[in-house]
Amino acid sequence: MEMSKPTLLENERKVKSWIIAISVIIPIAVAVLLFMPAKVNVGSDWVYFLPHLNAVINSAATIALLCGLYFIKTDNIPYHKASMSVAFVLGAIFLVSYVIYHGAADSTSFGGEGWIRPVYYVLLLTHIAFAAIALFPILFAYYYGYTDQRVKHRKLVKFAYPIWLYVTVTGVIVYLLISPYYVH
């Protein structure tokens with residue numbers, strides 16, 4: 001049974017409201033976790049494995065994003081959708097892992113010196129800035145693709161895709177630069 005046009009519009013309005021709410025709440029929650037004075041005690045050191053896992057997840061997400069680009073350029077829509085769904089799920093898993101880690105572990109200070117120090121901080125700050133704004137266009141782009149609203153999807157991915165790719169790639173680079181300084 002098909003939904004009526006007003007019902008479809010109301011459903012889309014609800015989805016868009018959720019996307020906007022999630023896009024605002026998650027960056028705020030991450031900022032709170034990063035700067036909260038007392039960390040959550042998880043009773044174990046297992047959380048110190050999470051940055052390594054996050055780098056693997058980001059690497060896999062980067063590969064999925066690149067595959068998605070290849071598949072859309074070769075007009076293979078089913079494989080494009082599958083690749084982008086894999087990237088989306090990996091991004092969600094990463095986000096959960098990232099929140100757990102930063103809720104339980106103190107932030108690691110970068111110990112590099114010389115020319116690498118400003119390089120690291122430029123990468124880190126641009127990574128953080130783009131990560132904070134990335135959720136909004138990514139969620140909308142994914143929604144438009146999922147619901148086969150191709151015109152809106154194409155228009156939005158011109159911005160969402162490069163931001164998402166930049167965040168996944170710089171996430172791995174930042175990890176590689178700071179990983180020698182992890183305490184655990």
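A pocket is here an open set of grid points, over the protein atoms alone, where a 1.4 Å probe fits and which has protein on both sides within 12 Å along at least five of seven lines. In the predicted model described here, the largest pocket holds about 1300 Å³ of space. Its lining comprises 46 residues, and those closest to the centre of the pocket are Val30, Phe94, Tyr98, His127 and Ala131. At least two lining residues of the largest pocket are supplied by each of helix 1, helix 2 (50-73), helix 3 (77-104), helix 4 (116-146) and helix 5 (150-178). The greatest contribution to this lining is that of helix 4, which gives 11 residues. By class, the lining of the largest pocket consists of 36 nonpolar and 10 polar residues, with no charged residue.

The second largest pocket has a volume of about 650 Å³. A set of 25 residues lines this pocket, and Ile72, His80, Met84, His153 and Val157 lie nearest its centre. Two or more residues of this lining come from each of helix 2, helix 3, helix 4 and helix 5. Helix 5 provides the largest share, with 8 residues. The lining of the second largest pocket contains 13 nonpolar, 6 polar and 6 charged residues, whereas the lining of the largest pocket has no charged residues.

Read from the N terminus, the order of elements is α-α-α-α-α. Along the principal axes, the C-alpha atoms occupy a box of roughly 60 × 35 × 25 Å. The protein has 184 residues, and 35% of them are buried.

Phe88 and Ile138 are 50 residues apart in sequence, and their C-alpha atoms are 8.6 Å apart. Phe88 is located in helix 3. With a relative accessibility of 25%, Phe88 is classed as partly exposed, because this class lies between the limit of under 20% for buried residues and that of over 50% for exposed residues.

On the surface, a nonpolar patch is formed by Ile20, Val24, Ile25, Ile28, Val32 and Phe136, which together have about 550 Å² of accessible area. Helix 1 (residues 5-35) accounts for the largest share of the patch, namely 5 residues. Val32 is one of the patch members and is found in helix 1. The relative accessibility of Val32 is 49%, and the residue therefore counts as partly exposed; the class of exposed residues begins over 50%.

Charged side chains were also examined for pairing. Side chains of opposite charge can pair when their charged atoms come close. The structure contains 4 salt bridges. In one of these, Glu10 is joined to Arg13, with 3.7 Å between the closest N and O atoms. Glu10 and Arg13 are about one helical turn apart, because they are separated by 3 residues in helix 1. Glu10 is partly exposed, its relative accessibility being 34%.

A further salt bridge joins Lys152 to Glu12, and the closest N and O atoms of this pair are 3.7 Å apart.

Asp148 and Arg150 form another salt bridge, in which the N to O distance is 2.8 Å. Asp148 has a relative accessibility of 43% and is accordingly partly exposed. Arg150 likewise counts as partly exposed, with a relative accessibility of 39%.

Note on methods. Residues numbered from 1 in each chain as written. Predicted model: local features only at pLDDT ≥ 70, side-chain atom pairs only at ≥ 80, totals over all residues. Heavy atoms only, no water. Patch = residues over 30% accessible without salt bridge, like charges linked within 9 Å, V, L, I, M, F, W, Y side chains within 5 Å. Areas by Shrake-Rupley, 256 points an atom, 1.4 Å probe, with all protein chains shown as cover. Salt bridge = Lys/Arg side-chain N within 4 Å of Asp/Glu carboxyl O. Helix = DSSP H or I, 4+ residues; strand = E, 2+ residues; numbered from the N terminus. Buried < 20%, exposed > 50% of the residue type's maximum accessible area, 1.4 Å probe, protein only. 1 Å grid on protein atoms, 1.4 Å probe; cavity = no way out; pocket = protein on both sides within 12 Å on 5 of 7 lines; lining within 4 Å. Points joined across faces, edges and corners; volume = space filled by probe spheres on them. Nonpolar A, V, L, I, M, F, W, Y, C, P; charged D, E, K, R; others polar.
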